[in-house]
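This report describes a few local features of one protein chain, and the sequence and structure are shown first.

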Amino acid sequence: MPLPVVDAHTHVVPARLPADAARDRRWPSVELSGDKAAVVIGGKVFRKIDSRSWDVGRRLADMEEDGTTMQVLSPMPELLSHWLPAHDAEHLADTINEHIAVMVSEAPRRFAGIGMACVQDVPRALAQLERIKALGLSGIEIGSHVDGVALGSEVLHPLYEAAEALDLCIFVHPLHPAGLERIGAGPEFAATAAFPLETALAAVSLLAAGVLEKFPKLRILLSHGGGALPWILPRLDYGWSLGGEMQKRMTRSPREIARGFFYDSILYDAPALQFMSSVVGSDRIVVGSDYPFTIRQKHPGAFARAALPDCPGVLADNAFAFLGRAFDLETQHAATGDRHSVASQQA
């Protein structure tokens, strides 16, 4: 019987998120049309989506086809809205978190949830972490910067301290990446070229600020295989070995500290995943797909299994370690007690 597979990087959008004239002009809304929808931000369509973003039954059917036992649900990154006024951001986060919690409740053996918080206002975010914990979610997703504030900034350290104390994980996803003006091409290059660079910048900020050393029990997942980070760690190590300011900031080599992050497997290329494993360790890698968006890597468990055949923990155990929870995965996908199952969808 195949080993269970946990897809730790998937996104959701609620089917109903109404426009609100009382909110900031950048308030996101969802315009629904049958099983399709458009996410509208600032009066413009940001992305066209379909029911895979919110429909539990359809996701379960796709998971069956993908060979995925469990998905970890997190907000579509643009919904994080780190640029909204704090009161709007707090309300939006509560709305999205409750939506994710409902989806999880409909198939609790097939889904885990990661929410979001008003991280542009840390005191509000700390209160939200308590609510996120009460909802049964496992952590929060944050952007690679908070509207220009680097993730290593000391203003965010209370957030990390509270997440560590509450045993909540943090999923870092690139958002509004730097450098697009240097590429000088269309927006399609953002996700493919700029996102990996953006993730590396965020990771180096966390390393330089000593976040993993100050909060050693904090679990942080870097999306898209950590972006360019694994590839620049040898260069960072060499710079650190020369002494100076880098050694003042980091008491251990960057590579050693970076082994404290988790990394997903969305690299599309087996040699790339094998290299990442050799640098950061296979015990830090989780399966990911980016479902349900266009850049989604299909059959993510099969990809990870083929690339790292001697590392079975990548398929599920490492994801459970990141989430900080033990899950009772049924050997059959149609788990007893779930409102939805693949079998019922196919009946």
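## Two buried loop residues

Ser253 is buried, at a relative accessible area of 15%, where buried means under 20% relative accessible area, exposed over 50% and partly exposed in between, with a 1.4 Å probe and protein chains only. Ser253 lies in the loop between α9 (245-249) and α10 (254-258), and, leaving aside residues up to four places away in sequence, Ser253 touches Asp237 and Trp240, contact meaning heavy atoms within 4.5 Å. Helices (H or I, at least four residues) and strands (E, at least two) are DSSP runs numbered from the N terminus.

The model is predicted, with local features needing pLDDT of at least 70 and side-chain atom pairs counting only at pLDDT 80 or more, while totals for chains, interfaces and linings use all residues. Residues are numbered from 1 along each chain as its sequence is written, and side-chain values use heavy atoms, with hydrogens and water left out.

His82, in the loop between β5 (70-75) and α2, also counts as buried, at 2% relative accessibility. Not counting residues up to four places away in sequence, the residues that His82 touches include Val119, Gln120, Ile142, His145 and Leu175.

## Helices α2 and α3

The axes of α2 (residues 86-106) and α3 (residues 122-134) come within 11 Å and cross at roughly 10 degrees, axes being lines fitted to C-alpha atoms, for helices over the stretch in contact, with angles running from 0 to 180 degrees between N-to-C directions. That makes α2 roughly parallel to α3, since angles under 35 degrees count as roughly parallel, over 145 as roughly antiparallel, 65 to 115 as roughly perpendicular and the rest as oblique.

On the α2 side, Ala86, His87, Glu90, Ala93, Asp94 and Asn97 take part in the contact, and they meet Arg124, Gln128, Arg131 and Ile132 of α3. These residues divide into three nonpolar, three polar and four charged, with Ala, Val, Leu, Ile, Met, Phe, Trp, Tyr, Cys and Pro counted as nonpolar, Asp, Glu, Lys and Arg as charged, and the others, Gly among them, as polar.

## Helix α4

In α4 (residues 157-165), the residues His157, Leu159, Tyr160, Ala162 and Ala163 are buried. The buried residues of α4 pack against α3, β7 (139-143), β10 (169-173), α6 and α7 (211-214). Just after α4, Asp167 takes a positive phi of about 60 degrees.
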